[in-house]
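Hi everyone, thanks for coming.

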Amino acid sequence: MIESLRAGLLQWFANHARDLPWRRTRDPYAIMVAEVMLQQTQVDRVIPKYQAFLATFPTIEALAAAPTADVIRLWAGLGYNRRAVNLQRAAQVIVAQHGGKVPDSVAALRTLPGIGPYTAGAIACFAFERDVAFLDTNIRRVVRRLCVGPDHLAAVADSVLLAHAEALIPPGQGWAWNQAIMELGALVCTAVSPTCWRCPLRQYCRAYAAAVAADTALAEMMTTPALKRVAEPRPAEPFVGSRRWYRGRIIAALRALPAGTALPLFELGRQVRPDFAADHEQWLLQLVHDLARDGLLVITEQGVRLPA
Ligand code: SF4
């Protein structure tokens, strides 16, 4: 059964895969850039940024040696700016300690700044074609529905899902398999409305079987309560006015300055919130110090600016 399940998904991927630029390369540096960008940003927004980033910093050495301010400026529009700083730090470690070669093992990749279990697995798999299992949002959702089913309202431990993900990988075809399962999660087994009728895994899927057993008509399959419970997105955190939102506004204000220019703290405060007053100074200072600690800005006598 596992053989036909694998063959079905791989065939579907061969027929339906989107042509994404990072699927055309095995260059570890390019894959690393793509995977860091894709951590928290959607594919459509990543594509132009990925291309611009590689055009500006074509090699890992170029990225390692670049002014950090340039890296942060180029990251505009992707959000989570700390990723930009960590990506450059990872490049600097790779140049200094690995002779400019991206490590090919998950263990070595995990030691790099900003590289967590997902990104390490993705780089090992997509750059070096290792049969490595890892979980991103899409893989986690597909594996849970396929191997666990729809009625598990309690969270399923990642270690359990990872074991399932590992067992599914066809030996020697980890690259295609992980791309395929991610693609299925992005295009078919989506969070809110999985289109099971066109899914190559339907006949093996526990969530689908549970819905059919509950006597659900196929036409209602995508909205059946059993699946909907699995699919219900978590309530979104309020973003506007959040700490992350203000962090983004501070970096956006600094990006708009001419290179090397600092912005006085009070002026920065007025730019990030129109009601800025003296009693907001401590709040702003805390944000600024946190951003400085993350390497996203420096504090000078003249004010704050992007790192050189
Ligand atoms: S049959 Fe439906 S729930 Fe199961 S993997 Fe396919 S799209 Fe997802």
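I'll talk about the ligand, then a pair of helices, and then a tryptophan. Keep in mind that this is a predicted model.

Let's begin with the ligand. What surrounds it? There are 13 residues around the ligand, and the closest are C189, P194, C196, C199 and C205. Two elements give two or more residues to this shell: α9, residues 137–148, and α12, residues 206–213. Of the elements, α9 gives the most, with 3 residues. If we sort the shell by class, we get 11 nonpolar residues, 2 charged ones and no polar ones.

Now for the helix pair. Please find α14, residues 243–255, and α15, residues 265–272. Their axes come within 9 Å and cross at roughly 120°, so α14 and α15 are oblique to each other. The crossing is right-handed. Which residues make the contact? On α14 they are Y246, R249, I250 and A253, and on α15 they are L268, Q271 and V272. By class, this contact between α14 and α15 has 5 nonpolar residues, 1 polar and 1 charged.

Last, let's visit W75. You'll find W75 in the loop between α5, residues 68–74, and α6, residues 82–97. Is W75 buried or exposed? W75 has 24 other C-beta atoms within 10 Å, so this residue counts as buried. Leaving aside residues up to four places away in sequence, W75 touches N81 and A84. As for Q40, that residue is 35 residues from W75 along the chain, and their C-alpha atoms are separated by 13 Å.

Conventions
Residues numbered from 1 in each chain as written. Predicted model: local features only at pLDDT ≥ 70, side-chain atom pairs only at ≥ 80, totals over all residues. Near = placed C-beta within 6 Å. Helix = DSSP H or I, 4+ residues; strand = E, 2+ residues; numbered from the N terminus. Nonpolar A, V, L, I, M, F, W, Y, C, P; charged D, E, K, R; others polar. Axes fitted to C-alpha atoms, helices over the stretch in contact; angles between N-to-C directions. Parallel < 35°, antiparallel > 145°, perpendicular 65-115°, else oblique. Left-handed = near helix turned anticlockwise from the far one by under 90°. Contact = placed C-beta atoms within 7 Å. Buried ≥ 20, exposed ≤ 12 C-beta atoms within 10 Å, placed from the backbone.
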